[in-house]
Amino acid sequence: MLKKIDRAYNILENELSSLACPKCGEDFVLSRYSLKCKNNHNFDINKKGYVNFLSHKVVENYTKDMFIPRGQMIQAGMYAPMLAWIKSHLVGTSLLDIGCGEGSFINLLDFEGSNFAFDIARDGISLATNQELAAFWAIADLTRLPYKNKSIDNLLNIFTPSNYQEFNRVMSVRGQLIKVIPDRFYLRELREAYGLPLDYDNRLVLEKFKNNYQEVEEKELSYTFDIPENLRLAFLEMSPLEWQVDQETKDRVRKNPPKTATVHVKILVGRDFR
């Protein structure tokens, strides 16, 4: 079995033409286990099988303590209907998962083409390199994506922030951005258990998306997922919502965790950016 660093090297050999230096925009050459541009900006392949394109340290709130239970819930099928809809709408030959976390979403999509994924959280990418999918994993910043102009056919943005200027720069001429945002009753059981407001207002996010694309497709999905008993505590730990409550509330909810999860989302597909 190949080491992760060698697997990443082999993937980069085939996908180098889609990458560009995030510092200067120049092409890369692959030299040993390092990406190098003509301005001598170097980015090494980590032994865990990813490249860190950041030039600054990041304060990481998102750690493996959240990514691991999140991945367990995704792999258990919590988002299967959502992923099925997305898979049926993918086009072209390349897919980029923006803010991929531990990599479960792009792994389950199993896109037959070039797969790229990045996150700003080191713990997420370290876990993502364990996925079976042959993807190029990276730590990167939304404001300086390490991909060439017009190089990506599908940009996937699930529950994560957006930078439309960069998204539109790397989107191919016939490409698209697929963005998933929570809708009104998303994770209502968790909100109820923690005593948090039930309504999620996504109007500003939706408006900003529509202001960036001339052609917008919109799909609302709402269903209830039965949480396996062995994953009910994982459900509590998969979301930043628990950061909003005190330890006493967490302990109380853990004694009687929710048995179901409401998945209520809007899937937005943007093409032909303004």
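Start with the contacts across the whole protein in this predicted model. Take those between residues at least 6 apart in sequence: 64% of them join residues at least 24 apart.

**Whole chain, cartoon view.** Color by secondary structure. You will find ten helices and eleven strands. The radius of gyration is 19 Å, close to the 19 Å that the globule rule gives for 274 residues, so the protein is as compact as a globular protein of that length. The C-alpha trace spans about 55 × 45 × 30 Å.

**Surface view.** The protein exposes about 13,500 Å². Carbon and sulfur atoms supply 46% of that area. Buried residues make up 54% of the 274 residues.

**Charges.** Select the charged side chains next. There are 36 positive and 36 negative charges, and their mean positions lie 4 Å apart.

**Backbone stops.** Two residues deserve a look at phi. Most residues other than glycine have a negative phi.

Select Asn 40 first. Look in the loop between β2 (34-37) and β3 (42-44). Phi of Asn 40 is near 65°, a positive value in a residue other than glycine. Is Asn 40 buried or exposed? Its relative accessibility is 59%, over the 50% cut-off, so Asn 40 counts as exposed.

Then go to Phe 159. This residue sits in the loop between β8 (152-158) and α6 (164-170). Phe 159 is not a glycine either, yet its phi is positive, about 60°. With a relative accessible area of 28%, Phe 159 is partly exposed.

Conventions. Residues are numbered from 1 along each chain as its sequence is written. This is a predicted model: local features need pLDDT of at least 70, side-chain atom pairs count only at pLDDT 80 or more; totals for chains, interfaces and linings use all residues. Side-chain values use heavy atoms; hydrogens and water are left out. Helices (H or I, at least four residues) and strands (E, at least two) are DSSP runs, numbered from the N terminus. The radius of gyration is taken over C-alpha atoms; the globule rule is 2.2 Å times the number of residues to the power 0.38. Buried means under 20% relative accessible area, exposed over 50%, partly exposed in between (1.4 Å probe, protein chains only). Contact means heavy atoms within 4.5 Å. Accessible areas come from the Shrake-Rupley method with a 1.4 Å probe; for residues, only the protein chains shown count as cover. Lys and Arg count as positive and Asp and Glu as negative; His and the chain ends are not counted. The place of a charge is taken as NZ of Lys, CZ of Arg, CG of Asp or CD of Glu.
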